[in-house]
There are 2 protein chains.
Amino acid sequence: MSGAAEAIKPEVMKQLFHPEIEDVLPADVFAALGDPIRLGILVSLADCDEVDKARCGAFTELASPSLLSYHFAKLREAGITRSRAEGTVRFLSIRREEFERRFPGLLDSVIETARRDPSVPRIKIDV
Amino acid sequence: MSGAAEAIKPEVMKQLFHPEIEDVLPADVFAALGDPIRLGILVSLADCDEVDKARCGAFTELASPSLLSYHFAKLREAGITRSRAEGTVRFLSIRREEFERRFPGLLDSVIETARRDPSVPRIKIDV
DNA sequence: CGACTATTTCAATGATCGTTGAATCATGGG
DNA sequence: CCCATGATTCAACGATCATTGAAATAGTCG
């Protein structure tokens with residue numbers, strides 16, 4: 001490799017797969033929502049004061065790091081969330097506008113349903 | 001058995017389990033919705049002209065009888081549908097009012113979402 | 001560089017899933 | 001009473017799931 005290239009900060013990190021919103025199927029979305037931990041991640045994310053500022057590490061009360069990573073992947077691959085890397089930290093957010101365009105009204109009722117139910121664990125995310 | 005008893009028509013058949021609507025958990029509902037055949041059953045049922053008049057046998061285009069029975073059970077055990085026996089036939093219906101009370105607004109957006117999507121198979125049910 | 005932190009990946013586990021086809025059960029009609 | 005019909009149950013299968021703990025990776029900072 002040429003010497004000059006190293007000066008450019010790559011800042012890429014391994015890119016995680018996000019499906020095109022048009023390719024997302026209803027059955028896969030519901031399957032991704034069919035787990036209490038993932039519903040907990042979703043409502044906690046929805047109730048986070050600042051959008052796109054929730055660190056993955058903020059969810060450790062819900063499960064172990066490796067299990068969280070597994071559930072993050074499920075939500076991401078179902079087109080519900082987006083994972084963004086910044087240095088050594090990853091931020092998680094809901095794909096609100098896209099998802100609303102693809103499935104109008106659905107995410108709101110899902111979140112409202114999960115929010116209302118005591119069986120769904122939730123945490124307070126401090127940004 | 002006494003002779004007179006036989007005149008009374010039993011009309012019971014094996015009772016299938018239906019959960020109390022209060023015991024139904026959001027994660028289990030979404031898990032039940034996480035399959036294209038079950039979404040197909042749900043929208044076909046929702047689009048049936050006459051309520052509570054859909055025979056189980058009307059869904060045979062969606063899957064084999066035994067597979068249908070399996071999917072019917074999933075929907076029923078998740079509190080979404082009700083199965084009613086009448087003679088040798090079974091009728092399937094959506095637990096609309098109860099479900100609406102338990103999870104306001106949810107079923108409508110789910111059905112609308114499934115209805116809009118071409119990946120969800122659907123049939124016309126002639127009552 | 002080397003330690004440190006945040007997160008993902010891997011390997012392994014038992015459990016549940018979706019599917020098939022054969023067997024069973026319940027009911028109504030000859 | 002036997003047979004046909006509508007539907008569920010059972011046994012089996014390979015696939016995927018949720019979970020665990022250990023190992024790998026990526027970036028930061030001394």
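Two strands pair if DSSP finds at least two bridges between them. The views below come from a predicted model.

**View 1. Strands 2 and 3 of chain B form a hairpin.** Two residues lie between the strands. One residue in the turn is B:Gly87, with a positive phi of about 65°. Strand 2 covers residues 81-86 and strand 3 covers residues 89-94. The two pair in the antiparallel sense, over six bridges. Look for B:Thr81 in this view: B:Ile94 of strand 3 stands opposite. In a regular strand the side chains alternate between the two faces of the sheet.

**View 2. Chain A and chain B meet in a contact.** Chain B gives 19 residues, and chain A gives 19 residues. On the side of chain B that touches chain A, helix 1 (26-33), helix 2 (36-46) and helix 5 (106-116) of chain B each supply at least two residues. Helix 1 of chain B brings the largest share, five residues. By type, this side of chain B holds 12 nonpolar, five polar and two charged residues.

**View 3. Helix 2 of chain A is mostly covered.** This helix spans residues 36-46. Eight of its 11 residues are buried. They are A:Arg38, A:Leu39, A:Gly40, A:Ile41, A:Leu42, A:Val43, A:Ser44 and A:Leu45.

**View 4. The buried residues of helix 2 of chain A pack against elements of both chains.** What do they pack against in chain A? The partners there are helix 1 (26-33), strand 1 (54-55), helix 3 (65-77), strand 3 (89-94) and helix 5 (106-116). Helix 1 of chain B joins them.

How values were computed. Residues numbered from 1 in each chain as written. Chains lettered and ligands numbered in written order. Predicted model: local features only at pLDDT ≥ 70, side-chain atom pairs only at ≥ 80, totals over all residues. Contact = placed C-beta atoms within 7 Å. Helix = DSSP H or I, 4+ residues; strand = E, 2+ residues; numbered from the N terminus. Nonpolar A, V, L, I, M, F, W, Y, C, P; charged D, E, K, R; others polar. Buried ≥ 20, exposed ≤ 12 C-beta atoms within 10 Å, placed from the backbone.
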